Amino acid sequence: MIESRLVRITEVGPRDGLQNESGIVPATEKIALVDALGKAGFPEIEVTSFVSPRWVPQLADAAEVMAGIERRPGTVYSVLCPNEKGVERALAADAGKISIFTAASESFCQRNLNATIEESIERFRPVVDAARAASLPLRGYVSCVVECPYEGLITPEQVGETVRRLLSLTDGDIEIALGETLGVADPDQIEQLLEEVEIDVPISEIDLHLHDTRGRALSCVARALECGVRAFDSSCAGLGGCPYAPGASGNLATEALLEFLHANEWATGVDRAAVLEAAAIANRITGRDSGG
Ligand code: HMG
Ligand code: MG
């Protein structure tokens, strides 16, 4: 059997990155960034979040951004939704995929969603129903899969429990994305995490969402590839963070991920030169040279 050398990359910079800027980035700039990323040929770009503008004012313009971007065939334009109101707004904006998000840590869930993990799952019921009625695919994020900013270390078993709640909510019809929110994991922790989660989800269907605070994200990618993971999130120019995770810095930079994968003969279908152009736009928007 020939091993697949295809790796699927979801670009999350416009959402995970721009949610974390201290200033409000104009919608026109966000649209320019998404359109530049669109030229790179990602299978999926996470554009924005339909969350409460009281909680994340940086993304209050989600509908305007979704209306302004160019939709390229072959790219799914996905969004985050925490509740029924979110999915109604997302459907009105013609989102291509709905991502719900919870955590393996009760404290983080409370700070991020003002809910217990169980309450967050209950709130997702109408989101799942609406996404299904619209024939849209679902992603389920689990945050704090290795460490929580409030509770410290999180066990793989805690992660497995949240994963099972998401699977049970959706009869298993959901992509599971493991969020290493703090960017502190080492490869051994990632391997232990994957061993637990693959009890319930085939390893080749698990998505790994790495932040890179300690500069170890690429070593974690290498180990995850050895374990059989074939889907990763990354962010152009290493944009990223979470307003409710103090200490978390940027996501794994897409440019670095692509360089690593292509050098090791993994195929992605993503054009690194186009990503570098998008990263230049990201750096202009943020006024930083933040990664890559
Ligand atoms: P709440 O305050 O308990 O909710 O927040 P509420 O129902 O009382 O609503 C508060 C106000 O927000 C009300 O407005 C609602 O109408 C409005 P008011 O009546 O006061 O004027 N509202 C909304 N408006 C627009 N769209 C909506 C919406 N929902 C309520 N969807 C809530 C609960 C879930 C809404 C809030 O906690 C929230 O929005 N949280 C989102 C936090 C967030 O976006 N965090 C970052 C994303 S997660 C992340 O980055 C991690 C990840 O990258 C993976 C990883 O790295 O680990 C994914
Ligand atoms: Mg994140």
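Predicted model: local features only at pLDDT ≥ 70, side-chain atom pairs only at ≥ 80, totals over all residues.

I'll start with the ligand and then go through a handful of single residues.

Where does ligand 1 sit? The answer is the largest pocket. There are 28 residues around ligand 1, and the ones that come nearest are Ser52, Arg54, Asn114, Ser143 and Thr181.

As for where they come from, α1 (13-17), α4 (84-92), α5 (106-113) and β5 (138-143) each put in at least two residues. Which element gives the most to the shell? That's α4, with three residues.

Now the polar side chains that reach ligand 1. Keep an eye on serine 143 here: an N or O atom of its side chain is 2.6 Å from an oxygen atom of ligand 1. Arginine 15 also has a polar side-chain atom at 2.9 Å from a ligand 1 oxygen. Then there's tryptophan 55, where a polar side-chain atom lies 3.1 Å from an oxygen of ligand 1. And how much of ligand 1 does the protein cover? On its own, ligand 1 has 1100 Å² of accessible area, and the protein covers 78% of that.

Next, backbone angles. Most residues other than glycine have a negative phi. Here are two that go the other way. Cysteine 144 isn't a glycine, yet its phi is positive, at about 60°. You'll find cysteine 144 in the loop between β5 and β6 (147-148). Is cysteine 144 buried or exposed? Its relative accessible area is 0%, so cysteine 144 is buried.

The other one is serine 135, again not a glycine, with a positive phi near 55°. Serine 135 is in the loop between α6 (117-133) and β5. Here the relative accessibility is 65%, and the cut-off for exposed is over 50%, so serine 135 counts as exposed. If you're clicking along, then, β5 has cysteine 144 in the loop that runs to β6, and serine 135 in the loop that comes from α6.

Let's move on to the loop between β10 (231-234) and α10 (254-263), which is where asparagine 251 is. Asparagine 251 has a relative accessibility of 2%; buried means under 20%, so that's a buried residue. What does its side chain pair with? Histidine 209: the two side chains are joined by a polar contact of 3.4 Å.

Serine 249 lies in the loop between β10 and α10 as well. At 29% relative accessibility, though, serine 249 counts as partly exposed.

Last stop, serine 219, which is in helix α9 (residues 217-227).

Methods. Residues numbered from 1 in each chain as written. Chains lettered and ligands numbered in written order. Heavy atoms only, no water. Near = heavy atom within 4 Å. Polar contact = N/O pair within 3.5 Å; in protein donor to acceptor, adjacent residues only side chain to side chain. Areas by Shrake-Rupley, 256 points an atom, 1.4 Å probe, with all protein chains shown as cover. 1 Å grid on protein atoms, 1.4 Å probe; cavity = no way out; pocket = protein on both sides within 12 Å on 5 of 7 lines; lining within 4 Å. Sits in = over half its atoms within 2 Å of the grid points. Helix = DSSP H or I, 4+ residues; strand = E, 2+ residues; numbered from the N terminus. Buried < 20%, exposed > 50% of the residue type's maximum accessible area, 1.4 Å probe, protein only.
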